[in-house]
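Trainee: Could we go through this model together? I would like to understand a few places in it.
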Amino acid sequence: MKKHHLLKTILITFLIFVCLSWFIDGGVIYNGEFYEAETSTALGIGDVFSLPFQAFYLFAEYGLIFLFIGGMYGIFNKTGAYKKLISKIASWFKNKSFLALTLTSIIFICFEAVVGVPTLAFVLVPFFSSILYEIGINKYKVMLATVGSIILATFGSVIGYAAIINYLLGINSLSLVKVRIMLLVITIIVLVVSLYFKNRDRVKSKKDIEMLDEKRDILKPTEESTKSCIPLLLIMILSLLVSIIGMYSWKESLGIELIGNFSANVLNKISFLNGFSALGSWGTKELAAVILIVTLITSLIYRIKFNDMVNAFKNGAKPMFKVAIYSTLCSLIFMFYYNSQEGYNFIDTIIYKIFGDSSDYLVLKTAIATPISNFLLNNSIFLANSIVNLVKTISENTSTLAASGLALQMTSSIASLVLPTSFILIAGLSYFDIPYLKWLKYIWKIVLVLILITGIIVLI
């Protein structure tokens, strides 16, 4: 599609936010207390033009990581073994498209529910997408089974994002773990059932047929050779394991401090490792380093010449350029929060009015406030901090705090599946070139089911 549908969606959302800032007074929630702004917090013409530049300046690394991911797959393609690997795995699922979709969605949901690092999970998206495309599955189903599963995994998060929420609440990291496992199972069932019925859909209009038959593998493997794919597969697995060890929040999630402390001591003694963070606190910087190391090792093993390596990296990164731009631009509204003086904004005003000073219906209030806050805070840690601090101020009851944390993770997952400020959603829609409104049309039933499940659990 040649229309810049996602760019329109992002800019329209931003302009709506700008207009609302003129009608709702700003304030800020700090350490659980609300402070009303003494001056106007309305966004002006200068902000409309300056915030995009500030977003690229401060959050370009989150967009650049997609260029690195594309470059890595460009190197994989150059080996010739990558296409061989994709074709071999796809052959196992010939005439078994639903099984392939089911396994893919389960892998992504379980991975993200435990690890809780969406950016790392996205590294796997091109690999699984190429397999599913090879089988003959359209891009909407592929999007739902990969990026959709990454987002929905938060709904049933067990020791990933859920454990971080509990850590911020100051309660046991495994609090309500049985309920969360149940939610994980429910999430898998809802998604698998949805994929089953979508796999059997019989569309009537020509327009719908064209939409659902479309495939867009921008990192499609094209080069094939007789070289073994086993070394490449081992490189992929080992690099994934290293990334998990580095990016998983061991201390916050499981209370394990040994890994972080040991790696910090090693980093202090080995000077050439300066610049790396301790294990358990890796971010996009370290992930980018791992990707570059993987590309170099792959090039050496498969004897790719330096010039060919550079060209292959460029060829892989090029189609990811739009993904990088849009995933950075969707931080426009977050920039207003990040860059405003002392954080004053009208979203905090709305959130405070929802919560008030009473602890009555705190879980329900959390469920309502989280999606609204999610509109502003597309960063999951910022979101959790914002809601958690307010909840902790209102109530000290451990069971109420745990239930509120559960409501937070469920509703933030649903919001991230539909809000155009969701970083991972915009990256996915851009990667698969899916219009925002068509995506909403495609997944609205899933969203409705999840809202009903959330409502039942919150009101129990």
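Predicted model: local features only at pLDDT ≥ 70, side-chain atom pairs only at ≥ 80, totals over all residues.

Trainee: Let us start with H14. How many residues does it have, and how far does it reach?
Mentor: Helix H14 covers residues 258–269, which makes twelve residues. From its first C-alpha to its last it reaches 17 Å, close to the 16 Å expected at 1.5 Å a residue.

Trainee: Which residues of H14 are buried?
Mentor: They are Gly260, Ser263 and Leu267. Seen down the axis of H14, these buried residues fall within an arc of 70°, so they line one face of the helix.

Trainee: You mentioned H12. Is Ser243 in that helix buried or exposed?
Mentor: Ser243 lies in helix H12 and counts as buried, at 3% relative accessibility. Leaving out residues up to four places away in sequence, Ser243 touches Leu120, Trp282, Leu287 and Val290.

Trainee: How far apart are Ser243 and Ser430?
Mentor: Their C-alpha atoms are 24 Å apart in space, and the two residues are 187 residues apart in sequence.

Trainee: Now the largest nonpolar core. Which residues touch the most other members?
Mentor: Phe122, Phe127 and Trp439 do, out of the 149 residues in that core. Helix H2 (residues 45–79) provides the largest share of this core, eleven residues. In general, nonpolar side chains tend to be buried together in soluble globular proteins.

Trainee: What does Trp439 touch?
Mentor: Apart from residues up to four places away in sequence, Trp439 touches Tyr140, Met143, Leu144, Leu417, Leu425, Leu429 and Ile434.

Trainee: Changing topic: how do strands E1 and E2 pair?
Mentor: Strand E1 (residues 27–30) and strand E2 (residues 33–36) pair in the antiparallel sense, over four bridges. Ile29 stands opposite Phe34 in E2. Their hairpin has two residues between the strands, and Asn31 takes a positive phi near 55° there.

Trainee: Where do Tyr361 and Asp433 lie?
Mentor: Tyr361 is in the loop between helix H19 (346–355) and helix H20 (362–376), and its phi is near 55°, a positive value. Asp433 is in the loop between helix H23 (423–432) and helix H24 (436–459), with a positive phi of about 55° although it is not a glycine.

Trainee: Is each of them buried or exposed?
Mentor: Tyr361 is exposed, with a relative accessible area of 68%. Asp433 counts as buried, at 1% relative accessibility.

Trainee: And Ser157, what does its side chain reach?
Mentor: It reaches the backbone nitrogen of Tyr161 at 3.1 Å. Ser157 sits in the loop between helix H8 (147–152) and helix H9 (161–169) and counts as buried, at 1% relative accessibility. Beyond its neighbours within four places in sequence, Ser157 is in contact with Ala113, Ala162, Arg180 and Gln409.

Trainee: Which backbone atom lies by the side chain of Thr102?
Mentor: The backbone oxygen of Phe98 lies 2.8 Å from a polar atom of that side chain. Thr102 itself lies in helix H4 (residues 97–115) and counts as buried, at 13% relative accessibility.

Trainee: Last one: what is Lys285 in contact with?
Mentor: Leaving aside neighbours within four places in sequence, Lys285 is in contact with Glu61, Gly275 and Ser277. Lys285 lies in helix H15 (residues 284–301). The C-alpha atoms of Lys285 and Leu64 are separated by 9.9 Å, although these residues are 221 residues apart along the chain.

Notes: Residues numbered from 1 in each chain as written. Heavy atoms only, no water. Expected span 1.5 Å × (residues − 1). Buried < 20%, exposed > 50% of the residue type's maximum accessible area, 1.4 Å probe, protein only. Arc of directions from axis to C-beta. Polar contact = N/O pair within 3.5 Å; in protein donor to acceptor, adjacent residues only side chain to side chain. Contact = heavy atoms within 4.5 Å. Core = buried A, V, L, I, M, F, W, Y, C linked by side-chain atoms within 4.5 Å. Pairing = 2+ DSSP bridges.
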